[in-house]
Amino acid sequence: MMRLRVAWIKSALVAVALLLLSACRVDTTVDIRVDEDGSGEVTVEVIADAEAVSLIPDAPNALQLDDLSEAGWTVHGRTVDGAGSLTVTIAKRFPSSDALGGVLAEIAGEDVVFEGFTLIKEHSFDIIGLGPAKTDYELSGSINPTFDIEQLGDVFPLGLPPLGRSADSIENDFDGDFEDVLGLTVTVRLPEAPRSANGEIVDETIIWTMNYGDRAVEIEANTAVESILVRVWTMVALAAGVLLVLLLGTYLVRFLLAKWRTPKGRRRRDIRRRQHRAATRAQEASRPRRRMLRLLVLDVHGVLVRPTDPLEGALLPLILDEQPDIDPQRVRDLHRLLVLGRMSPSEFWSEVDLSLVSDQLETRYLSSFRLLPGLHPFLDRMKNSELPVAVIGNQPRAWGDRLRRMAALDDSISSWMVSGDVGSTLPEPALFEATRRTMSVDLFDCFYLSNIPGNLDVAEELGMATGLFLSGNDPIPDTDHTVILGFEDLLKNRGA
């Protein structure tokens with residue numbers, strides 16, 4: 001197997017390696033395509049005739065071009081046609097006009113065949129005037145088709161001359177007549193209507209054709225792309241700007257005139273101020289001067305039972321224990337739909353593929369909740385004091401009713417409002433408002449206990465008195481809410 005080793009990206013090596021074997025013909029075409037943004041692509045196509053190909057065992061599969069891919073080139077094809085000719089095509093993009101010279105240098109080496117290639121892109125546009133926007137492209141450089149073969153470096157696979165022949169014998173066989181067998185064609189395609197002083201233009205493509213032994217060729221190609229659309233949008237933008245200034249100026253003049261002509265006290269700002277003061281007085285008049293405790297509102301999770309976060313602390317570990325491969329985020333998304341009342345518990349268990357054991361898992365889940373110490377004695381005291389107790393929490397109605405029965409709270413709780421009933425979860429105000437309507441009380445006369453500061457913040461904004469409920473093991477945070485250390489502390493300090 002012959003392996004083509006690439007030090008530079010020498011597509012020409014394929015041609016030279018075959019050329020040194022016999023009197024054959026090898027043609028290389030280098031196509032340079034420039035796009036409107038200054039980027040583009042260089043495509044190299046090497047065609048060796050049948051006589052050269054016959055000397056390569058297992059062509060074209062024997063040619064290993066992995067190094068080309070590692071260097072960023074794309075191998076588009078290596079085929080042998082019906083006549084026995086071998087065609088190898090590779091391509092590489094250049095991201096900007098400054099990168100073209102570097103890509104060309106990879107073909108045969110720095111300044112071996114392609115010398116001093118530059119691509120200049122200049123954009124010009126005068127904001128004042130009627131001329132279109134114009135972009136000029138100019139490509140220049142020098143091509144030396146009579147390069148020194150030794151400059152290509154290690155041409156032969158594994159450093160050995162082909163078929164065991166010495167380099168001297170190869171040189172004697174050809175006697176320097178590479179011009180008869182090695183051809184080079186360079187084509188340039190610019191964005192629009194290219195021009196060149198010394199190249200042939202065919203179908204908007206500039207072509208230079210040469211053979212080994214020819215003199216160096218100076219490449220010059222340029223074009224200019226004009227766009228009237230930029231001018232049109234500029235005129236539209238200027239007109240829109242002028243119109244906007246006129247409209248704003250007219251509005252300002254009318255505003256100032258209206259303000260100047262309106263007597264003091266009848267201006268809109270004065271009217272709004274009077275209306276605001278009247279509304280404030282009416283609100284203050286309708287609000288009780290003294291807060292009266294008429295309803296105690298408790299959070300299910302954190303005050304009645306623990307854990308405070310039932311999803312992360314109980315439900316998710318339980319599901320992962322049964323279904324280790326399930327995505328935890330999917331469980332969280334399904335749980336949110338469940339507590340919003342958009343999905344039933346049976347649908348939830350089905351979605352997590354646990355419908356067959358849903359009853360057992362649901363019982364294990366609800367049984368894992370721990371009642372807070374002193375809950376039942378506290379509720380009994382509230383009942384004897386004739387202070388109604390309402391409960392709110394993020395859970396579906398079925399789970400709330402079952403938890404209420406399991407904890408023997410039916411006779412102690414006046415209202416059990418859950419997120420599944422109202423389609424909204426804490427800390428959103430909907431649960432507080434639903435409880436207020438059910439119990440026919442003003443939130444100003446309610447006292448709310450929760451273990452979650454965010455819930456307390458919303459309740460306080462609604463006018464409720466608030467208390468941060470903590471058990472003996474909870475750390476005491478820095479908070480503006482009243483801190484309640486268990487039910488005994490609430491009874492002792494509030495004289496219930």
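Helices here are DSSP runs of H or I with at least four residues, strands are DSSP runs of E with at least two, and both are numbered from the N terminus. By that count the protein chain has 18 helices and 18 strands.

Before I go on, the ground rules. This is a predicted model, in which local features need pLDDT of at least 70 and side-chain atom pairs count only at pLDDT 80 or more, while totals for chains, interfaces and linings use all residues. Residues are numbered from 1 along each chain as its sequence is written, and side-chain values use heavy atoms, with hydrogens and water left out.

Now the chain as a whole. I call a residue buried under 20% relative accessible area, exposed over 50% and partly exposed in between, using a 1.4 Å probe and protein chains only. Of the 496 residues, 42% count as buried. Contact means heavy atoms within 4.5 Å. Among contacts between residues at least 6 apart in sequence, 65% join residues at least 24 apart.

Next, the sheet. Two strands pair if DSSP finds at least two bridges between them. An open sheet of 7 strands has the order β3-β4-β2-β1-β7-β9-β8, with mixed pairing. Its edge strands, β3 (74-80) and β8 (200-202), each pair on one side only. Neighbouring strands are turned by 20° against each other on average, direction ignored. For such angles, axes are lines fitted to C-alpha atoms, for helices over the stretch in contact, and the angles run from 0 to 180 degrees between N-to-C directions.

Starting from β3, that strand pairs with β4 (residues 86-94) in the antiparallel sense over 6 bridges. Arg78 stands opposite Val88 in β4.

Further along is β7, residues 182-189, where 7 of the 8 residues are buried. Strand β1 (residues 26-34) runs parallel to β7, and 8 bridges join them. In β7, Thr187 stands opposite Asp31. β7 also pairs with β9 (residues 205-211), antiparallel, over 6 bridges. There Val186 stands opposite Trp208 of β9.

Is Glu41 buried or exposed? Glu41 is buried, with a relative accessible area of 19%. Leaving out residues up to four places away in sequence, Glu41 touches Asp31, Ile32, Arg33, His76, Ala91, Lys92, Arg93 and Phe94.

Which residues of α10 are buried? They are Val331, Leu334, His335, Leu338 and Val339. Seen down the axis of α10, these fall within an arc of 130°, so they line one face of the helix; the arc is that of the directions from the helix axis to the C-beta atoms. As background, an α-helix has 3.6 residues a turn, so residues three or four places apart point the same way. The cover over the buried residues of α10 includes α9 (310-322), α11 (345-351), α14 (397-406) and α15 (419-422). After α10 comes Gly341, with a positive phi near 80°.

Last, α9 and α12 (residues 358-367): their axes come within 10 Å and cross at roughly 150°. Pro310, Ala314, Leu315, Leu318, Asp321 and Glu322 of α9 make the contact with Leu361, Arg364 and Tyr365 of α12.
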